[in-house]
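Subject: Structure handover

Hello,

Here is the structure for you to look through. My notes on it follow below.

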Amino acid sequence: MESPPLPFRRTIRRQELRQIVPLAETTIYDLERRGEFPRRFNLTSRCVVWDLEEVEAWIEERKRQSRSGKATPSPGPDVKQRITRPVRDRND
């Protein structure tokens, strides 16, 4: 007995992701690392893709949060860890 075919799930590569989500690659990587963005996966050792449906759901959730006023701003970089011109507390 054959199992039913899997539903068609479209995947996108980096170039198409950048057209859909206009964020820098480092920002996307940081969001993925923190679990706040859909995770990429390898189709082959040289081909990385994202599930389009997951990316679209992420965008819709961000839109819903933004319009409801519940969006939390992403934390900025820790400027105290900069090598050149680190920011110091005023009490230092």
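Two strands are said to pair if DSSP finds at least two bridges between them. Helices (H or I, at least four residues) and strands (E, at least two) are DSSP runs, numbered from the N terminus. The model is predicted, so local features need pLDDT of at least 70 and side-chain atom pairs count only at pLDDT 80 or more, while totals for chains, interfaces and linings use all residues. Residues are numbered from 1 along each chain as its sequence is written, and side-chain values use heavy atoms, with hydrogens and water left out.

Overall layout

The protein has 3 helices and 3 strands, and along the sequence they follow the pattern β-α-α-β-β-α. Of its 92 residues, 16% count as buried (under 20% relative accessible area; exposed is over 50%, partly exposed in between; 1.4 Å probe, protein chains only). Contact means heavy atoms within 4.5 Å. Among contacts between residues at least 6 apart in sequence, 45% join residues at least 24 apart.

The sheet

The 3 strands form an open sheet in the order S1-S3-S2, with antiparallel pairing. Its edge strands are S1 (11–12) and S2, each of which pairs on one side only. S2 is joined to S3 (residues 47–51) by 3 bridges, and these two strands run antiparallel. Thr44 has Cys47 in S3 as its bridge partner.

The core

A nonpolar core is a set of buried Ala, Val, Leu, Ile, Met, Phe, Trp, Tyr and Cys residues joined through side-chain atoms within 4.5 Å. The largest one here has 10 residues: Ile12, Leu17, Val21, Ile28, Leu31, Phe37, Trp50, Leu52, Val55 and Trp58. Helix H2 (25–33) and helix H3 (52–68) are the elements that give two or more residues to this core. H3 gives the most, with 3 residues. Ile12, leaving aside its neighbours within four places in sequence, is in contact with Leu17, Ile20, Val48, Val49, Trp50, Leu52 and Val55.

The aromatic pair

The structure holds 1 aromatic pair. Phe37 and Trp58 form this pair, which is edge-to-face, at 4.7 Å centre to centre and 75 degrees between the planes. Phe37 lies in the loop between H2 and strand S2 (41–44) and Trp58 in helix H3, 21 residues apart, so the pair links distant parts of the chain. For the terms: rings of Phe, Tyr and Trp (its six-membered ring) pair if their centres lie within 6.5 Å, and planes under 30 degrees apart count as stacked, over 60 as edge-to-face and the rest as tilted. Phe37 counts as buried because its relative accessible area is 4%, and Trp58 is buried at 15%.

Glu32 is in helix H2 and counts as buried, at 4% relative accessibility. Its side chain makes a polar contact with the side chain of Arg40 (2.4 Å), and a polar contact of 3.0 Å joins the side chains of Glu32 and Trp50. Not counting residues up to four places away in sequence, Glu32 touches Phe37, Pro38, Arg39, Arg40 and Trp50.

Asp51 is found in strand S3 and is buried, at 8% relative accessibility. The side chains of Asp51 and Arg9 are joined by a polar contact of 2.5 Å.

Regards

Conventions. A polar contact is a pair of N or O atoms within 3.5 Å; within protein, one must be able to donate a hydrogen and the other to accept it, and residues adjacent in sequence count only if both atoms are side-chain atoms.
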